[in-house]
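Here is a short note for a colleague who is opening this model for the first time. Please keep the viewer open while reading.

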Amino acid sequence: MTAIPHQALYADRRARLAAQLGAGGVAIVPTAPEHTRNRDSEYLFRFDSYFYYLTGFTEPRAWLVITAEGHTTLFCQPKDLEREIWDGIRLGPQAAPGALGVDEAFSVDELDTRLPQLLENRHTVWYPFAVHTGLETRVDGWLQKVRARVRYGALCPDAQRDLCGPLDEMRLIKDAHEIDVMRRAAQISAQAHIRAMRRSAATLRAGQDLREYHLDAELLHEFRQHGSQYPAYGSIVAAGANACVLHYRADAAPVRDGELVLIDAGCELDGYASDITRTFPANGKFTGPQRDLYDLVLASQEAAIAATRPGSRFVDPHDATVKVLAQGMLDLGLLNRNDVGHLDDVIAERHYFRFYMHRTGHWLGLDVHDVGSYVEPSELGQLSERQDPLSGETIKDRPSRVLRPGMVLTIEPGLYVSPAPGVPEHFWNIGIRIEDDAVVTENGCELLTRGVPVKADEIEALMGG
């Protein structure tokens, strides 16, 4: 069996994790379970991100055990020629050490027998809390078997700790290999967005019927055509007023001449997600009101990009976005100065929230909403309280995460204007979001997703070609 690519990279991650387990520590990491879709059909299997991060192994029904001394044990499906005819070739325990670089491997059918032995005489059991349903119960069962042997001199672990903590911190800073994969995923996704834009304009120019699912099909084709295994998440293809629904899904609504289309879609490549949103005129030409709002959102994104640099806080891009959007809402008449006051009042009282109700970004990696604390770990003890002006709830604030090179985050401001009294009618039912993926570098940030145009003139030129 050929070794998996980048075997040394996964071995280094396991070693770094082992060094954080403390004397007598042992970590248990399962992959994701398989899920039945209906009757005897399974959903397409997708491995657990933590497990994959440590092994590069993509088969179901697998477990990894790591001791503080760095010894690694894998449990995987046994070779079974009959099942392999139906389900595909399995690596098997015999080949696993050579292919994956683990110290030893056993059949997953031996898990309940061997796990108590691996936990015996250890001090602390680490596993991901609140990630795998039923895992806590299984750990309890294994510990009961260890405790039953204390009369024979066995020591039972007396502490359990959440493995998500150290693993999340490791995953938050991407290495060069991870960034390379994410860069390639972003390139594929950018081409998919371009394909959808061109299909939209060409179909409407030809006078043909166009539906949201037609554009979704263009995305999926481009993803798979270039080797992506899956979409990173359910694609949002929202025409017209549907763009004002944040988590709308591609459906059968018509794409109409004169309306905007918002597409939020990205592929997953070798486990890593991309995440792009573009908003474009269905026919390739912005109207005046559409262009006004679009240019405002783009200006707010540029402000956020400028704030995305090492030493800044995670919240800084959001604050920069809100300042630009709030001023634009006043200038364009979305907010009435007589009702809401000046810029500082709009921000302090969150009057902008009716048109911009989400954060400006999130971590990105093996999960589209990737792991990693948004609070600076060294400043957890610093706590302040404030009252939210909209809900009246008491909000507990801790210092936002300091951005460091290797962190990857999205930058995705938007505006969503639903019909309402006092809102200019020419802006009704316009939803706009612009999203790019950014890697924090030594001097600022690198945008991975600008392979698809973002300026209004460039979008029009692309769609007119």
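This is a predicted model: local features need pLDDT of at least 70, side-chain atom pairs count only at pLDDT 80 or more; totals for chains, interfaces and linings use all residues.

1. Look at the six-stranded sheet. It is open, with 6 strands in the order β6-β5-β4-β1-β7-β8. The pairing is mixed. β6 (104-107) and β8 (159-162) stand at the edges, and each has a single partner strand, so one side of each lacks a neighbour in the sheet. On average, neighbouring strands are turned by 20 degrees against each other, direction ignored.

2. β5 (residues 72-76) pairs with β6 in the parallel sense, over 4 bridges.

3. Move on to β7. Which residues of β7 lie on each side? T124 and W126 are on one side, V125 and Y127 are on the other, and all are buried. Both faces of the strand are therefore covered. In general, side chains in a regular strand alternate between the two faces of the sheet.

4. β1 and β7 pair in the parallel sense over 3 bridges, and A27 has W126 as its bridge partner. β7 and β8 also pair in the parallel sense, over 4 bridges. There, the partner of W126 in β8 is R161.

5. Next comes the three-stranded sheet. It is open, its order is β9-β12-β13, and its pairing is antiparallel. β9 (230-231) and β13 (272-273) are the edge strands, each pairing on one side only. β9 and β12 are joined by 2 bridges and run antiparallel. Y230 stands opposite E268 in β12. Helix α8 packs on this sheet and touches β12 and β13. Its direction makes about 145 degrees with that of β12.

6. Stay with E268. This residue lies in β12 (residues 267-269). Is E268 buried or exposed? E268 counts as buried because its relative accessibility is 6%, and the cut-off for buried is under 20%. Leaving aside neighbours within four places in sequence, E268 is in contact with R46, F47, S228, Q229, Y230, P231, A232 and A273. Y230, the residue opposite E268 in the pairing, is thus on that contact list too.

7. Turn to β14 (residues 276-281). How many of its residues are buried? The count is 6 of 6, and the strand is mostly covered. I276, R278 and F280 point one way, while T277, T279 and P281 point the other way. R278, a charged residue, is among those buried. β11 (residues 260-265) pairs with β14 in the antiparallel sense over 6 bridges. V261 has F280 as its bridge partner in β14.

8. A186 sits in α8 (residues 176-205). It counts as buried because its relative accessibility is 0%. A186 and I276 are 90 residues apart in sequence, with 7.9 Å between their C-alpha atoms. Beyond neighbours within four places in sequence, A186 is in contact with S274, I276, L448 and T449.

9. Follow α8 to helix α14 (residues 456-464). The two pack at an angle of about 60 degrees, with their axes 8 Å apart. That angle makes α8 oblique to α14. The crossing is right-handed. From α8, the contact uses I194, M197, R198, S200, A201 and R205. From α14, it uses I459, L462, M463 and G464. By class, this contact has 6 nonpolar, 2 polar and 2 charged residues.

10. Finish at L172, in helix α7 (residues 164-172). L172 is buried because its relative accessible area is 1%. Which residues does L172 touch, not counting those up to four places away in sequence? They are W363, V371, G372, R401, G406, M407 and V408. L172 and T394 are 222 residues apart in sequence and 29 Å apart in space, C-alpha to C-alpha.

Technical notes: Residues are numbered from 1 along each chain as its sequence is written. Side-chain values use heavy atoms; hydrogens and water are left out. Buried means under 20% relative accessible area, exposed over 50%, partly exposed in between (1.4 Å probe, protein chains only). Two strands pair if DSSP finds at least two bridges between them. Contact means heavy atoms within 4.5 Å. Axes are lines fitted to C-alpha atoms, for helices over the stretch in contact, and angles run from 0 to 180 degrees between N-to-C directions. Angles under 35 degrees count as roughly parallel, over 145 as roughly antiparallel, 65 to 115 as roughly perpendicular and the rest as oblique. A crossing is left-handed if the near helix is turned anticlockwise from the far one by less than a right angle, and right-handed if clockwise.
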